[in-house]
Amino acid sequence: MSKSTKKNEVFGDYAAFLNALLPQAQGFLFHDRHGHLFWHDKAPDTSELNDEFHKTLNRILSTGDLPGETARIPLRDNVAYLVRLASDTGKTLGVLTALVERDVAKMPHKFCSDLLKPACRSMERELSLRVHLLDANKRINAEVEQQRFLGEISDVASSGEPSEESLQMILQRTTDQLNLEGAYLYLPGHNLEFSAGSGADDRQAAELMIESWQDLIDESGAHPAQALQSRRTLEPGERIRCWPVFSNGTSLSGAFVLARAADQ
């Protein structure tokens with residue numbers, strides 16, 4: 001059985017409930033919190049959903065605003081009554097739309113939403129449970145993946161002197177695990193550099209940071225690690241973060257660079 005079939009079966013019970021509460025309705029639509037048409041009880045004529053409808057829908061989803069009578073939208077053949085569904089914490093879960101023929105759609109928006117309130121409350125409980133289950137599943141998957149990631153890194157660290165292949169693997173796994181644009185390890189003293197991901201090989205940023213760190217070490221005259229311990233976070237650009245790499249804790253040997261994705 002497909003996900004779409006299961007979804008329509010689950011929400012089919014709500015369709016019967018909604019139609020019992022508002023028998024003059026020609027159909028019901030439900031748009032999820034991302035604005036996607038998640039469910040409908042009858043195949044809708046989406047061409048009838050005009051700009052005013054989509055503008056009001058997006059307004060409700062993006063701001064959680066309750067626009068009252070302005071959520072009663074005249075369409076070509078019907079009038080759309082948009083009702084916001086929310087979780088017990090006030091988070092918008094989506095928007096239910098009742099389509100009523102224009103000839104009989106004389107009731108104000110509040111009257112319609114009050115009629116549908118018993119079904120809406122049931123749908124809110126159902127959708128809230130689904131959201132909680134999805135969030136819990138995502139957290140579990142993230143924890144499992146994190147444990148796998150840490151296990152792989154631990155295996156490399158305990159295998160003795162890391163090889164170029166193992167260092168490259170660590171960079172790639174770090175990039176994947178943290179959803180980064182890229183990672184870059186630059187060790188000029190050892191004539192080594194490794195990169196993973198697109199746009200990760202930002203040598204210029206690493207060289208600038210190494211030069212800046214070395215100046216701080218020279219000025220302080222302290223142990224390199226101690227000299228940089230209380231440094232300000234230095235970022236050559238909002239998306240770049242750099243960390244110093246030491247050789248036996250006695251000398252600065254390079255930089256480790258992480259590049260965040262543009263949408264992070």
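Hi everyone, let's start with a sheet. Four strands, in the order β7-β6-β9-β8, make up an open sheet with antiparallel pairing. At its edges stand β7 (192-197) and β8 (240-247), each with a single partner strand, so one side of each has no neighbour in the sheet. Neighbouring strands here are turned by 15 degrees against each other on average, direction ignored.

A word on where this comes from: this is a predicted model, in which local features need pLDDT of at least 70 and side-chain atom pairs count only at pLDDT 80 or more, while totals for chains, interfaces and linings use all residues. Residues are numbered from 1 along each chain as its sequence is written, and side-chain values use heavy atoms, with hydrogens and water left out.

Helices (H or I, at least four residues) and strands (E, at least two) are DSSP runs, numbered from the N terminus. Two strands pair if DSSP finds at least two bridges between them. Angles run from 0 to 180 degrees between N-to-C directions, with axes being lines fitted to C-alpha atoms, for helices over the stretch in contact.

Back to our sheet. Strand β6 (residues 180-187) pairs with strand β9 (residues 251-260) in the antiparallel sense, over 6 bridges. If you want a spot to look at, find Leu185, which stands opposite Phe256 in β9. Helix α5 (residues 203-220) packs on this sheet and touches β6, β7, β8 and β9, where contact means heavy atoms within 4.5 Å. The direction of α5 makes about 135 degrees with that of β9. Helix α4 (residues 164-177) lies across β6, β7 and β9, running at about 35 degrees to β7.

Let's stay with α5 for a moment. Which residues of α5 are buried? They are Ala205, Ala206, Met209, Ile210, Trp213 and Ile217. Buried means under 20% relative accessible area, exposed over 50%, and partly exposed in between (1.4 Å probe, protein chains only).

Just after α5 comes Gly221, with a positive phi of about 70 degrees.

Now to another sheet. This one is open and antiparallel, with 5 strands in the order β2-β1-β5-β4-β3. Here β2 (37-40) and β3 (72-74) are at the edges with a single partner strand each, so one side of each is left without a neighbour in the sheet. The twist averages 25 degrees from one strand to the next. Strands β4 (residues 78-86) and β5 (residues 92-101) run antiparallel and are joined by 9 bridges. Within that pair, Leu85 has Gly94 in β5 as its bridge partner. Helix α2 (residues 51-63) lies across β1 (25-32), β3, β4 and β5, at about 150 degrees to β5.

Next, a few single residues. His109 sits in helix α3 (residues 109-157) and is buried, with a relative accessible area of 9%. Leaving aside residues up to four places away in sequence, His109 touches Gly68, Glu69, Ala71, Arg72, Tyr81, Leu82 and Val83. Ala15, in helix α1 (residues 3-21), is buried at 9% relative accessible area. Its C-alpha atom is 9.0 Å from that of Ala119, 104 residues apart along the chain. By contrast, Asp103 lies in the loop between β5 and α3 and counts as exposed at 68% relative accessibility.

Last stop: how many disulfides does the structure hold? The count is 0, with a disulfide taken as a pair of cysteine sulfur atoms within 2.5 Å. Cys112 is in no disulfide, and the nearest cysteine sulfur, that of Cys120, is 8.7 Å away. That is too far for a bond. Cys112 counts as buried at 0% relative accessibility, and Cys120 counts as buried at 5%.
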